[in-house]
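User: Hi! Could you walk me through this model?
Analyst: Happy to, here it is.

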Amino acid sequence: MAAAVAASQAALFKSPFQSLDSCDEQKSVKFRSTFHGSRRISKAAGWSRHLLARQQHRITCSVNAPSPAQAPPLPKGAECYGVFCVIYDLKEEEKPKSWKKKLVRVAVSGAAGTISNHLLFKIASGEVFGPDQPVALNLLGSERSKEALEGVAMELEDSLYPLLREVIIGIDPYEVFRDAEWALLIGAKPRGPGMERADLLDINGQIFAAQGRALNEVASSNVKVVVVGNPCNTNALICMKNAPRIPSKNFHALTRLDENRAKCQLALKAGVFYDNVSNVTIWGNHSTTQVPDFLNAKINGRPVKEVITDHKWLEEQFTPTVQTRGGVLIKKWGRSSAASTAVSIVDAMKSLVQPTPPGDWFSSGVYAAGNPYGIDGDLVFSLPCRSKGDGDYEIVPGLHIDKYLYERIKKSEDELIAERKCVAHLIGEENGFCDLPGGDTMLPGEQ
Ligand SMILES: NC(=O)C1=CN([C@@H]2O[C@H](COP(=O)(O)OP(=O)(O)OC[C@H]3O[C@@H](n4cnc5c(N)ncnc54)[C@H](OP(=O)(O)O)[C@@H]3O)[C@@H](O)[C@H]2O)C=CC1
Ligand SMILES: O=C([O-])CC(=O)C(=O)O
């Protein structure tokens, strides 16, 4: 059995994905992949250190294939675990293409939740950063979810992902967010029956304020933050305001799912495959006031209004269909979109690490300071963006806004301004009061 496991591990290391840039000049390569499993140890020690599990994999390259005694010392208190203690030698001719050297560290909150259960496995498999980029996952749970989080880590273990080099789980954001280059903030309290939206804004706002402070203190200074937990635009604003060390531009609220939903509806109506639909913007809030823009969108490079001549459908059906898609799905599924949300988080991250195709753009809820559309700059507002693939982006100027779009964008802006007033106490402002337009506006999943 041990031999079989070792053989399968050796096969993994021979996969075309595996090697190191730094090994390229060397005669022989020695992989030392070590899992310092402290899951059981930490459990015995209780949660005082807020770490249930810690995996670390080390890779050693050397001309003279070092003996284990020559390998760098392991961190104090850590020990290798199971098959990850086995050392393999790769012969020169077996040396595959190179991996990037540095780990990308991704922190995820709500890691034992439904969306994360899809997302983590995508990141670990290389779907976001590519087949040559090793990753570390830092998973944040709570007292409620610590057993479940251990289960998540076990499934990640059992998946044998070659690119997944480290998994840390814990309940203290000051530990879990340490050195994170990406923070995917998914965990949030769902709105329960009879709960006012203002209460939800406050409860979740407290969570995102605390997480913003933790990111400010311990994350990489250029961490990219994607807020998914609802109400995601205002949660992102709160998080950003509590993290002044991190550039405001680095905060995103997820509206990519809305963009994907809009593309799907346009493709369906036009009778084309959905990858022929481009230039779709979601303007505003991730709520039922969001504005899916068919005016600037394209199908096969042509304006949507030229391809879909049923303009009544565009104005009267397309918009509410996208706005309420989440709620319709909840009625059918009995729970909110999780798999498609995870896909859209992957899309949103890839849009920042890969160049935007020329002439196209993507939607993201971003800090609107200095935007060219006259929208209140002190909001996290979904806008058209493009990226060079370096993690940064710019807001795309020059989209045509007609009366139809303007009126709807204004409504979403008003909603976000009202949400901001409700959370004034969480963003360092005074004189807040909560008076949401229309009495009580809706998340996509609430109808
Ligand atoms: N922006 C978007 O496009 C979308 C956003 N969403 C939002 O994403 C969030 C997560 O969705 P999903 O993964 O399906 O939800 P789940 O209910 O499966 O998981 C949510 C996690 O939130 C955490 N949480 C944090 N605080 C609380 C609290 N006070 N009470 C209960 N749970 C809490 C829990 O983790 P723990 O106990 O570990 O803290 C839980 O695992 C929701 O806010 C949802 O509305 C969903 C779909 C689309
Ligand atoms: O309201 C929810 O939780 C679900 C949601 O955001 C969506 O489906 O877009």
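**Around strand 5**

Analyst: Strand 4, helix 3 (residues 114-125) and strand 5 form a right-handed β-α-β unit. Helices (H or I, at least four residues) and strands (E, at least two) are DSSP runs, numbered from the N terminus. Right-handed means that, with the strands pointing away from the viewer, the path from the first strand over the helix to the second runs clockwise. This is a predicted model, where local features need pLDDT of at least 70, side-chain atom pairs count only at pLDDT 80 or more, and totals for chains, interfaces and linings use all residues. Residues are numbered from 1 along each chain as its sequence is written, with chains lettered from A and ligands numbered from 1 in the order in which they are written.

User: How many bridges link strand 4 and strand 5, and in which sense do they pair?
Analyst: Strand 4 (residues 104-109) and strand 5 are parallel, with 6 bridges; pairing takes at least two DSSP bridges between two strands. Ala-107 sits opposite Asn-138 of strand 5.

User: What about strand 6?
Analyst: Strand 6 (residues 164-170) also runs parallel to strand 5, joined by 6 bridges. There, Ile-169 is the bridge partner of Leu-139. Strand 5, helix 4 (residues 146-158) and strand 6 make a right-handed β-α-β unit.

User: Why is strand 5 called largely enclosed?
Analyst: Because 6 of the 6 residues of strand 5 (residues 135-140) are buried. Buried means 20 or more other C-beta atoms within 10 Å of a residue's own, exposed means 12 or fewer, and partly exposed is in between, with C-beta atoms placed from the backbone.

User: Which residues of strand 5 point which way?
Analyst: Val-135, Leu-137 and Leu-139 face one way, while Ala-136, Asn-138 and Leu-140 face the other, and all are buried. In a regular strand, side chains alternate between the two faces of the sheet.

User: Switching topic, is Ser-340 buried or partly exposed?
Analyst: Ser-340 is partly exposed, because it has 18 C-beta neighbours inside 10 Å. Ser-340 belongs to helix 12 (residues 339-353).

User: Which residues does Ser-340 contact, leaving aside neighbours within four places in sequence?
Analyst: Ser-340 is in contact with Leu-257 and Asn-260; a contact means C-beta atoms, placed from the backbone, within 7 Å.

User: And which residues come nearest to ligand 1?
Analyst: Gly-113, Thr-114, Ser-145, Gly-187 and Lys-189 do, out of 26 residues around ligand 1. A residue is near when its C-beta atom, placed from the backbone, lies within 6 Å of the molecule.

Technical notes: Contact = placed C-beta atoms within 7 Å.
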